[in-house]
Amino acid sequence: MRVTTSGRLVDLVKQHLAVVAIDRVGPLIAEGAITVDGRIGKINDLVAAGAELAVTALPEPLGPEDLPLVIQFEDDDLVIVDKPAGMHVHPLGDHRRGTLLNALLWHAGARPDQPWAAWRPRPAHRLDRGASGLIAIAKHAAVHDRLRAQLEDHSMHRRYRATVHGRVASDAGTIDQPLGRDPTNDYRRAIVDGGQPAITHYRVVERTSTHTIVELELATGRTHQIRAHLASMGHPIVGDVLYGAVLGTTDTIELRAIELQLNHRERRLCCTA
């Protein structure tokens with residue numbers, strides 16, 4: 001790859017050798033696997049614009065895949081994607097292919113035989129495999145840091161819609177219950193003494209004789225927060241067998257991120273799905 005901007009070698013590799021996990025970039029350079037104009041590079045080498053970077057060996061590269069992407073917004077710093085239900089955001093365990101990150105690597109320009117890309121995908125927040133909807137992807141480390149800061153100070157707004165079993169009695173309410181690892185199942189979260197504070201606001205949209213559609217907003221962002229909180233009310237999400245639904249799979253559940261608002265380039269950006 002011929003670089004178009006100058007900078008430290010480690011920073012350029014982190015940004016453009018997107019198929020390598022970030023925590024492997026330093027060791028990769030230290031092992032002499034990155035060359036600059038044919039010479040073995042060092043982590044803090046200053047690389048001039050126009051230099052040619054090459055890689056001699058890749059440790060377990062992530063595979064770019066030409067998968068469909070529904071993009072709601074994109075500019076030079078950020079892309080907001082509508083993730084389908086059943087797709088992991090990151091490669092995880094045996095799920096090394098077919099993830100959102102694999103698709104984003106292809107979108108960024110990486111190919112199986114060309115590991116360099118225009119930018120590295122950096123998801124700013126989580127969305128469970130079984131859920132669908134909007135997720136923000138930073139193209140640069142600085143943008144990722146700004147998005148994470150908005151999550152911390154609650155200036156990033158996320159709204160969800162879920163279909164749950166049973167008729168939720170109250171038209172609106174707040175679930176304020178601490179969440180921690182379920183002592184009976186490592187994959188689940190549960191309301192536990194001493195758990196992390198977790199607050200979910202909900203509003204009923206529609207009721208049928210057997211189900212309720214609710215919209216939800218999070219004041220905190222814990223793992224499986226919506227799923228665990230709704231199950232604690234006796235209203236697990238349809239399809240979510242991990243949290244008590246009678247029928248379904250862990251691949252798809254009736255939970256969708258339908259709105260995402262964040263501050264970007266001195267304006268308030270709002271996407272809906």
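The classes run as follows: buried is under 20% relative accessible area, exposed is over 50%, and partly exposed lies in between (1.4 Å probe, protein chains only).

Before you select anything else, some ground rules. This is a predicted model, where local features need pLDDT of at least 70, side-chain atom pairs count only at pLDDT 80 or more, and totals for chains, interfaces and linings use all residues. Residues are numbered from 1 along each chain as its sequence is written, and side-chain values use heavy atoms, with hydrogens and water left out.

**Salt bridges**

The term requires a side-chain nitrogen of Lys or Arg within 4 Å of a carboxyl oxygen of Asp or Glu. Glu 31 is exposed, with a relative accessible area of 55%. The structure holds 18 salt bridges.

Next, select Arg 126 and Asp 128. This salt bridge has its closest N and O atoms 3.9 Å apart. Arg 126 is exposed at 55% relative accessibility, whereas Asp 128 is buried at 15%.

Now go to Asp 240 and Arg 227. Their closest N and O atoms are 2.8 Å apart, in another salt bridge. Asp 240 lies in the loop between helix H5 (225-232) and E16, and Arg 227 lies in helix H5, so the pair ties together parts that are 13 residues apart in sequence. Both Asp 240 and Arg 227 are buried. Element names follow DSSP runs, numbered from the N terminus: helices are H or I with at least four residues, strands are E with at least two.

For a network, select Arg 159, Arg 161, Arg 203, Glu 215 and Glu 259. Salt bridges link these residues.

**The hairpin**

Show strand E16 (residues 255-264) and strand E17 (residues 267-272). They pair in the antiparallel sense over 6 bridges; pairing requires that DSSP finds at least two bridges between two strands. Pick out Asn 263: its bridge partner in E17 is Arg 268. The two strands, E16 and E17, form a hairpin with 2 residues between them. In the turn, Arg 265 has a positive phi of about 55°.

**A charge over a ring**

Last stop: Trp 106 and Arg 111. The charged end of Arg 111 sits over the ring of Trp 106, 3.8 Å from its centre. The criterion is NZ of Lys or CZ of Arg within 6 Å of the ring centre and within 35 degrees of the ring normal.
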